[in-house]
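This report describes one protein model for a reader who is new to structural work. Please view the sequence and the structure together before reading on.

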Amino acid sequence: MSIEILKVETDEELHEVADLATEIWHECFPGIISMEQIEYMIEKFQSYRAMAEQISSQGYNYLAVREDGKLCGYIGVKPEDDERFFLSKLYLRADKRGRGIASSMLNRVFDEARRSGKKSVYLTVNRHNDHAVAVYKKTGFEIIRQAVADIGNGFVMDDYIMEYKL
Ligand SMILES: CC(C)(COP(=O)(O)OP(=O)(O)OC[C@H]1O[C@@H](n2cnc3c(N)ncnc32)[C@H](O)[C@@H]1OP(=O)(O)O)[C@@H](O)C(=O)NCCC(=O)NCCS
């Protein structure tokens, strides 16, 4: 198996990422948030349109994770104006989990953050997403606070904010 993590450069690649996002969200979030909220959040944050806007005007970059050329995961990041680096998205298709790929993805995020001169990486994760929280803790992230964010249409994100000091 050969894993590559490369910046998303073309519209075609971003469409591929959006399709994978839809697949992963429908697999991993039932039981954590409602189906209505899943659809709403995909459209608002993970659709092709939303991600293209994040890249063109909000300073985001997306990285595609490929095994033997086939897309199996993606990462979304954004350097903040201060000393922090935001890990916005870290997603791997279910059949590729538990194989060390997540650690390579997180190491790549830390490298990007260091290259941008940042001192820490932070993220938000749903408080009930037990596996992701455990992975982040094991990697060395700490919970720094809880945050409930109103995202419209009556939905909230009930998250931990976690931080990794570089
Ligand atoms: C989050 C995600 C990318 C992690 O990938 P993964 O393949 O499941 O992660 P792994 O099983 O390889 O675990 C990563 C590390 O955490 C460790 N780990 C996993 N579960 C653990 C637990 N319950 N307790 C302690 N350590 C744990 C693993 O041993 C591994 O360490 P290692 O690489 O040193 O062996 C993946 O589960 C995913 O895409 N989930 C769905 C989407 C999601 O929730 N994304 C996060 C949104 S914020």
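Helices (H or I, at least four residues) and strands (E, at least two) are DSSP runs, numbered from the N terminus. Helix α2 spans residues 35–46, and its buried residues are Q37, I38, Y40, M41, I42 and Q46. A residue is called buried under 20% relative accessible area, exposed over 50%, and partly exposed in between (1.4 Å probe, protein chains only).

## Basis of the model

The model is predicted: local features need pLDDT of at least 70, side-chain atom pairs count only at pLDDT 80 or more, and totals for chains, interfaces and linings use all residues. Residues are numbered from 1 along each chain as its sequence is written, and side-chain values use heavy atoms, with hydrogens and water left out.

## Overall architecture

The protein contains five helices and seven strands. Read from the N terminus, the order of these elements is β-α-α-α-β-β-β-α-β-α-β-β.

The radius of gyration of the protein is 15 Å, which agrees with the value near 15 Å for a compact globule of 166 residues. This radius is taken over C-alpha atoms, and the globule rule is 2.2 Å times the number of residues to the power 0.38. Along the principal axes, the C-alpha atoms fill a box of roughly 40 × 35 × 35 Å. Of the 166 residues, 46% are buried. Among contacts with a separation of 6 or more, 58% join residues 24 or more positions apart; a contact means heavy atoms within 4.5 Å.

Y40 belongs to helix α2 and is buried, with a relative accessible area of 18%. Apart from neighbours within four places in sequence, Y40 is in contact with I151, G152, N153 and F155. A polar atom of the Y40 side chain lies 2.6 Å from the backbone oxygen of I151.

One of these partners, N153, is in the loop between β6 and β7. Is N153 buried or exposed? N153 is exposed, with a relative accessible area of 64%. Its phi is positive, at about 55 degrees, although N153 is not a glycine. Most residues other than glycine have a negative phi. D68, in the loop between β2 (61–67) and β3, also has a positive phi, near 45 degrees. D68 is exposed, with a relative accessible area of 58%.

## Two buried polar residues

E80 is found in the loop between β3 (70–79) and β4 (84–92). The residue is buried, because its relative accessible area is 16%. Its side chain makes a polar contact of 2.4 Å with the side chain of Y122. A polar contact is a pair of N or O atoms within 3.5 Å; within protein, one must be able to donate a hydrogen and the other to accept it, and residues adjacent in sequence count only if both atoms are side-chain atoms. Not counting residues up to four places away in sequence, E80 touches F86, K118 and Y122.

S88 is located in strand β4 and is buried, with a relative accessible area of 18%. The side chains of S88 and K89 are joined by a polar contact of 2.8 Å. Leaving aside neighbours within four places in sequence, S88 is in contact with Y60, G76 and V77.
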